[in-house]
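I opened this notebook to look up which charged side chains pair with one another, and where.

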Amino acid sequence: MELERVSVVVGTDGSAEADRAVRQAAVEASWRGLPLRVVHAFIWPLFNVPLGPPEAGPPEAGLANEANRIVQRAVDQARAQAPEIDVTGVVVDGAAAPVLIREGRTAEMIVVGNRGLGGFSGLLLGSVAVGVTPHAACPVLVVRGEPVARGPVVVGVDGSPHGDVALAFALKEASWRQATVRAVYASAGPLGGPGSGEPDRAASRLLAESVDRYSGRHPDVAVERLANTGQPAAVVLDAARDAQLVVVGARGRGGFAGLLLGSVSHSLLHHAPCPVAVVRHPSS
């Protein structure tokens, strides 16, 4: 039985990147009418080091007090960003990836910064990204880059269940953001190349069918369809050059096969000029 999604979760470690994630998470929670849960992964108990203030130090010193200050500061930022939402903060013992995965079981979304300190250090290059993104039970939004405020929401479409969920997610985000959607399909064959061109027509037809299935849910959102050729990562990155958000499915087929573990996901998470949301089909 699927668990009820009761909040938006954001990971924080007190870094500037985490602060950006907290502010965006507050906005995401406000759009959804959900509370925001601010989480700090407190890894130090795993190393059996002293957590309280030193004997000769001030009572407010120590790792545990610092963790509580990080969370309280993030909670204050979130409340300032979206005063209408309920915001709570918690320090959870453990490493960042397992903590966030557990939190994601009842979350509508997990939001994390591009890079950070402490428990969230090396998010894109290290174990946190590898651990959280493939295994989270909800969408993961990585706040990175410099989004174009009035830019489109770009989404990779391939006709797979994950691609369809990504498209539905992108349309909903675009409606909240009052933005357009740029739906992108990458095919391997050269446009206008030798042969009948049937793969190109098939790609355009698949893209149109996918968009038509979901666009009626958000008639306020204009959808631009872009079927192009080339390496999928390059096609999506080029389409996202003026975007405020890129949305991709956790897995796919065709141009987006192996998205999480292959070059496409790595390229997007390393090089996308704006935040990246990775979503998955509920049955996965």
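I began with the terms for accessibility: a residue is buried under 20% relative accessible area, exposed over 50%, and partly exposed in between. I also noted that the model is predicted.

Entry one, on a pair within a helix. I looked up Arg 69 and found that Arg 69 forms a salt bridge with Glu 66, with 3.0 Å between the closest N and O atoms. Both residues lie in helix 2, three residues apart, which is about one turn of the helix.

I found a salt bridge between Asp 19 and Arg 73, whose closest N and O atoms are 2.8 Å apart. This pair links distant parts of the chain, for Asp 19 is in helix 1 (residues 16-32) and Arg 73 in helix 2 (residues 63-81), 54 residues apart. I noted Asp 19 as buried because its relative accessible area is 7%, whereas Arg 73, at 40%, counts as partly exposed.

Arg 177 is buried at 11% relative accessible area, and Glu 173 is buried at 1%. Salt bridges with shared partners join Glu 28, Arg 32, Glu 173 and Arg 177 into one network.

Last, I wrote down the count, which comes to 13 salt bridges.

How values were computed:
Residues numbered from 1 in each chain as written. Predicted model: local features only at pLDDT ≥ 70, side-chain atom pairs only at ≥ 80, totals over all residues. Heavy atoms only, no water. Salt bridge = Lys/Arg side-chain N within 4 Å of Asp/Glu carboxyl O. Helix = DSSP H or I, 4+ residues; strand = E, 2+ residues; numbered from the N terminus. Buried < 20%, exposed > 50% of the residue type's maximum accessible area, 1.4 Å probe, protein only.
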